[in-house]
Amino acid sequence: METPSRVATLAALFGVLGALFFALGPLTIQIGLLSAFFGFRLFGIGVLCGLLALLLGPVGMWLTRAAAGRSGRGRALSGALLGLALVAFVVVTSARAGFPPAINDITTDLDDPPVFSAAARAEANRVGRDLVYPGAEFARAQRAAYPDLAPIALGQSAAEAFERAERAAAELGWQITVRDPESGALEAVAVTRTFRFEDDVVVRIRSSDGDVVVDVRSKSRDGRGDLGANAARIRAFREALQR
């Protein structure tokens, strides 16, 4: 009688656990059982389990080859395939986002980023969150990763630009928290679709050399990286603004 391979069993176990946590992370957030913070970490545990399954699976298949006299080749294979699917999903998703750097504060004006006012006073940001722009390190990373992000020039009055900015924000589903047409400032909270993270956004409209220039800054409240979400949000706003 063949002896079961513990490695093969572990590969299958990690593969199943990985798939379970991978799915439960976003699901528990969407139905309100977990916060975005904890749901995302559950998702991360799923990815880690998938990676372990991917590593252990081939080892288990080797240990259960015909000459080894151990059983569990099917378990090893299933674990490896589940792990491969989970890891491949993360890699493909990151590749589509251009393998973004681990930064979470993106702006169209790196020399003079718009400043958060209302967001700095929000209850959610009062403890443990600094809304001051991080500085040179983030700026260098952004220039390399998102060279297309720049101030948006509009050939219209500041009042018209503000109205367009407000419409664009509403179109994108942002929760507007401050609107000040006189100073050209608009602040909002944007919620990510899958993990329901809340990010702060500020729009600044001002005249420069006869043109009206719109600048945007989008900052995640949690984590150091954002998987490209803030840059994608600014691009979507730019497109909506220019339509």
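Predicted model: local features only at pLDDT ≥ 70, side-chain atom pairs only at ≥ 80, totals over all residues.

Trainee: How many salt bridges does the structure hold?
Mentor: The structure holds 17 salt bridges, and one of them joins arginine 204 to aspartate 109, with the closest N and O atoms 3.2 Å apart. Arginine 204 belongs to strand 7 (residues 198-208), while aspartate 109 sits in the loop between strand 3 (105-107) and helix 4 (118-121), so the pair ties together parts that are 95 residues apart in sequence.

Trainee: Is arginine 204 buried or exposed?
Mentor: Arginine 204 is buried, at 14% relative accessible area, and aspartate 109 also counts as buried, at 12%. Both residues belong to a network of salt bridges that links Asp109, Asp112, Arg204, Arg206 and Asp215.

Trainee: And which side chain does glutamate 198 meet in a salt bridge?
Mentor: Glutamate 198 meets arginine 221, at 3.0 Å from N to O, and this pair links strand 7 with the loop between strand 8 (211-220) and helix 7 (229-242), 23 residues apart. Arginine 221 also meets aspartate 200 in a salt bridge, at 2.9 Å from N to O. Aspartate 200 is buried, with a relative accessible area of 2%, whereas glutamate 198 is partly exposed, at 36%.

Trainee: Switching topic, which residues form the nonpolar patch on the surface?
Mentor: Leu27, Ile31, Leu33, Leu34, Phe37 and Phe38 form that patch, and together they have about 590 Å² of accessible area. Leucine 34 lies in the loop between helix 1 (6-30) and helix 2 (36-63), and leucine 34 is partly exposed, with a relative accessible area of 33%.

Notes: Residues numbered from 1 in each chain as written. Heavy atoms only, no water. Patch = residues over 30% accessible without salt bridge, like charges linked within 9 Å, V, L, I, M, F, W, Y side chains within 5 Å. Areas by Shrake-Rupley, 256 points an atom, 1.4 Å probe, with all protein chains shown as cover. Salt bridge = Lys/Arg side-chain N within 4 Å of Asp/Glu carboxyl O. Helix = DSSP H or I, 4+ residues; strand = E, 2+ residues; numbered from the N terminus. Buried < 20%, exposed > 50% of the residue type's maximum accessible area, 1.4 Å probe, protein only.
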